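I opened the coordinates and kept notes as I went. Each entry records one thing I looked up.

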Amino acid sequence: MATEQKEITDLVKRKYEHGFVTDIEQEFVPPGLDEDVIRLISQKKGEPEFMTEWRLKAYRHWLTMKEPDWAHVRFNPIDYQAISYYAAPKSQEDAPKSLDEVDPKLLETYDKLGIPLHERARLAGVAVDAVFDSVSVATTFKEKLAEAGVIFCSFSDAVKSHPELVRKYLGSVVPHRDNFYAALNSAVFSDGSFVYVPKGVRCPMELSTYFRINAANTGQFERTLIVADEGSHVSYLEGCTAPMRDENQLHAAVVELVALEGAEIKYSTVQNWYPGDEQGVGGIYNFVTKRGECRGANSKISWTQVETGSAITWKYPSCVLRGENSVGEFYSVAVANNYQQADTGTKMVHIGANTRSTIISKGISAGHGQNAYRGLVRVLPTARGARNYTQCDSLLLGDKCGAHTFPYIESRQRSARVEHEATTSKISEDQLFYCRQRGLSEEDAVNMIVNGFCREVFKELPMEFAVEAQNLMNVTLEGAVG
Amino acid sequence: MNTEALSRQFAAELDRLPRSAEAAARRAAAFEAFSAAGFPTRRDEQWRYTDLKPISTAELDFAPPPPSTELVSRVAESLDQAGFDEATSRLVFIDGCYCDTLSRTTAAAGISLASLASCSEADLPVHAHAPFDGHPLATLNAAFARDGALIAAEDGARTTAPIELVFVAGGRSGLAAHPRIVIDLGQGAEVTLIQHLLDLEPGRGWFNAVTEIVQAPGSHLTLYRLQDHGTRQFHTALMRAELAEDAKLNCGYFDLGGRLVRNDFDVRLAGPGAEADLNGLFLASSGQHTDNHIRMDHIAPRTRSAESFRGIIGDRGHGVFNGKVVVHRDAQHIDARQSSDNLLLADNAEIDTKPELEIYADDVKCSHGATIGELDDDQLFYLRARGLADEEARNLLTFAFANTVLERVALPELRELVAARVAARLPNGATAGGTR
């Protein structure tokens, strides 16, 4: 018991490894939001008219909306007028042409995070479109991708170089009026990634973006759009870390995926934003709208996420299964430790015939953390022969935390088969005893059991992420035995 | 029914009931609480899948006139025909009004059985006046309830045969009844109770009941309800139970009829070792809508609960299940299971199910499962290969699906009755092979 106590104390005191602030001069728009600010953002980014209009339309609609209050999370009201909606590294004026021209301090930041951009990118064969606060500063492996015809660039670039694609697909999966945070994002989004994979192309490498929130008081509003044209295949990796800071920071991103006939998109996330300190002070508010649409027949969208960070997570990567025989998958590990709150899950909307979906969700609660799975499986009358399997399991480490499950299951098609299973328990004494008896330390035993608990999800991650995720889990839950 | 009309009815009703000033004030407070919010709408998360408009827009008389002697004798006849035994302890209500001549209030030693209206206010258990936060329809019941049943068991008392509560809709359309059932079990008492709900003739009315249960330590309540209304009745009911240490509650709810049915269950396992088992079966077809809403609070440690609901949804039927298990902080060693299994028999059938868990303690074993599907092709093939007609095979499998719940009924006679009623309501019921 004494060792457990000590381990728990250690756990509680564990500091956020990635907590530091890089001191780079930033260009700010003063805090506050009105139509002028939106015009200014749009102008600064040199956007065409249709984008400005689109932003304004979203803003006007946002004004009529209320913050959602149905999620199982508690936080102080956000003052949207106190947020600065635009920050760009100063060096943006004369944008870097290659890595050598990138602000060395910026590169240092990535080094501290353990992701030496150029090295890592080359070694791992990963093209990285690194987003530093709001403006993309370095993009690698462009040529190789260009050879295959894959467009992988920052959203700002895409708006300028491929306006027709942006215009066609932007907001087609997550419309600007979708929800409060998506509307806000549509109005003020700063930058993000854009991917287009042409017909029949298998993207030659895993695409990856590392996000960082750096400047104080700056909400980060990412917008990602991935379009996989007929018969193409792409795997996209997203990883997040954020520096230590006492104020809560808002992160309201939108990710849209479009899979046309026979296309496949795999989207993997390791989210490790700053979760706040052990008293629950600070930390990121992560209010994200992620949705993919399997528009064509035989298409597939797969979401895999490992959520260990953020003070509050509000995130439901979803699939709209429109095309016949299309497939949606959602694999998730979510951890809520200390005072973290997570309300996460997915929506699977079955529209086309013989559509299939799988949901595997693993929630881990520790400390005072509150972890909720919220999911929707909806089978429409048109989805003949649809199939869903859902499994959501929760693991409780400690008696002050909470684990909740809120699944909504709606079926209006008799030939559809829907199955849902959920369990909640703590690590059993028997399992622990068994491991201890075979000479494992308590901590190793817990790590092993937790990793076993998450295995089904980890095995869906790309290899380099799987290792990272496993280590992250071990560190996050060091010694947290209930 | 607009608020004005409702207010008028309430004012008239308040004058009519001979009750103390406190009771009148309580009713007025309840009515005010209801009118402040009005009927819940689908914007309300608790009513997401159930639209009360058919009830809220219907013209209903909230003060049904007492049944005529002619109606009473017709009910008596029909009960005899249906095989009800006059010798059992029973309370009979017609359109919500207590019917003395058809009831028999003598019961086993230590068990009292009475119509609520006949009890002096001082005799009523305190909880009979409890408010109903979060249950708007129960609040409406609190305002309008004029009668109901009181079943009280002294410490250690036991029923030798099940007590029956029979609620008959007399076929007069447009009546709204708000009966209240109060069940109070002393320490170690054991009571078995069967509620029958039926229509003398098909009619459209609203039955809005509240059942309040308080169980002292070690008591054991078995409660069955066979809701066998016609397919035009509206039926809403709240069952609220509070269980002390080692008390056990065992429920079987069978909803076969009703146009719009909503059952709320609110069970609080307040004493260590308390246990609750809720079993339910519903049939919904021909535009029927049936909604079972459960909240199971594990407040004390070492409590156990199990919920198992099965739905058979046919042509234009709509089934809803919402089960919520809440494990409170420091309520350790909890075992909670929940299952919702649903069979869709028609193309335009719909089921919405939402099994929820909210857990604030760590030493728990909680699980839930939900399934939705149609009859299994392989099983059908198996039966067809053995010479059963398609319809027969379907009915046999459908009945087998229902039988899982029926098998849990401990009283053989009741089990047979429910089985027969289920079989009769299946799409080709009369020919069902499963009636035994």
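**Conventions.** I am working on a predicted model, in which local features need pLDDT of at least 70, side-chain atom pairs count only at pLDDT 80 or more, and totals for chains, interfaces and linings use all residues. Residues are numbered from 1 along each chain as its sequence is written, and chains are lettered from A and ligands numbered from 1 in the order in which they are written.

**Chain A, overall.** I looked up the secondary structure and found twelve helices and 24 strands in chain A. Helices (H or I, at least four residues) and strands (E, at least two) are DSSP runs, numbered from the N terminus. For burial I used C-beta atoms placed from the backbone: a residue is buried if 20 or more others lie within 10 Å of its own, exposed if 12 or fewer, and partly exposed in between. Chain A has 482 residues, and 57% of these count as buried. Next I looked at contacts, where two residues qualify if their C-beta atoms, placed from the backbone, lie within 7 Å. Taking contacts in chain A between residues at least 6 apart in sequence, I noted that 84% join residues at least 24 apart.

**Strand β20 of chain A.** I checked residues 356-366, which make up β20(A). This strand is largely enclosed by the rest of the structure, because eight of its eleven residues are buried. I then listed its partners, counting two strands as paired if DSSP finds at least two bridges between them. One is β17 (residues 327-336) of chain A, parallel to β20(A) over ten bridges. In that pairing Val333(A) is opposite Lys362(A) of β20(A). Another is β22 (residues 387-397) of chain A, also parallel, joined to β20(A) by eleven bridges. There I found Ala366(A) bridged to Leu397(A) in β22(A).

**Strand β15 of chain A.** Which residues of β15 (residues 312-315) are buried on each side? Ile312(A) and Trp314(A) are buried on one side, Thr313(A) and Lys315(A) on the other, and both faces of the strand are covered. β15(A) runs parallel to β13(A), with four bridges between them, and Tyr285(A) has Ile312(A) of β15(A) as its bridge partner. Four bridges also join β15(A) to β18 (residues 341-344) of chain A, again in parallel. In β18(A), I found Asp343(A) opposite Trp314(A).

Most residues other than glycine have a negative phi. I therefore noted the exceptions I came across. Asn298(A) has a phi near 55° and is not a glycine. I placed Asn298(A) in the loop between β13 (283-294) and β14 (300-307) of chain A. Asn298(A) is partly exposed, because 19 other C-beta atoms lie within 10 Å. In chain B, Ser286(B) has a positive phi of about 50°. Ser286(B) lies in the loop between β14 (275-284) and β15 (289-298) of chain B. With 13 other C-beta atoms within 10 Å, Ser286(B) is partly exposed.

Across the contact, β24(A) pairs with β20 (residues 364-373) of chain B in the antiparallel sense over eight bridges. Ala422(A) has His368(B) as its bridge partner in β20(B).

**Gly369 of chain B.** I looked at Gly369(B), which is found in strand β20 of chain B. Gly369(B) counts as partly exposed, because it has 18 C-beta neighbours inside 10 Å. Leaving aside neighbours within four places in sequence, Gly369(B) is in contact with His420(A), Glu421(A) and Ser339(B). I also noted 6.4 Å between the C-alpha atoms of Gly369(B) and Ser340(B), which are 29 residues apart along the chain.
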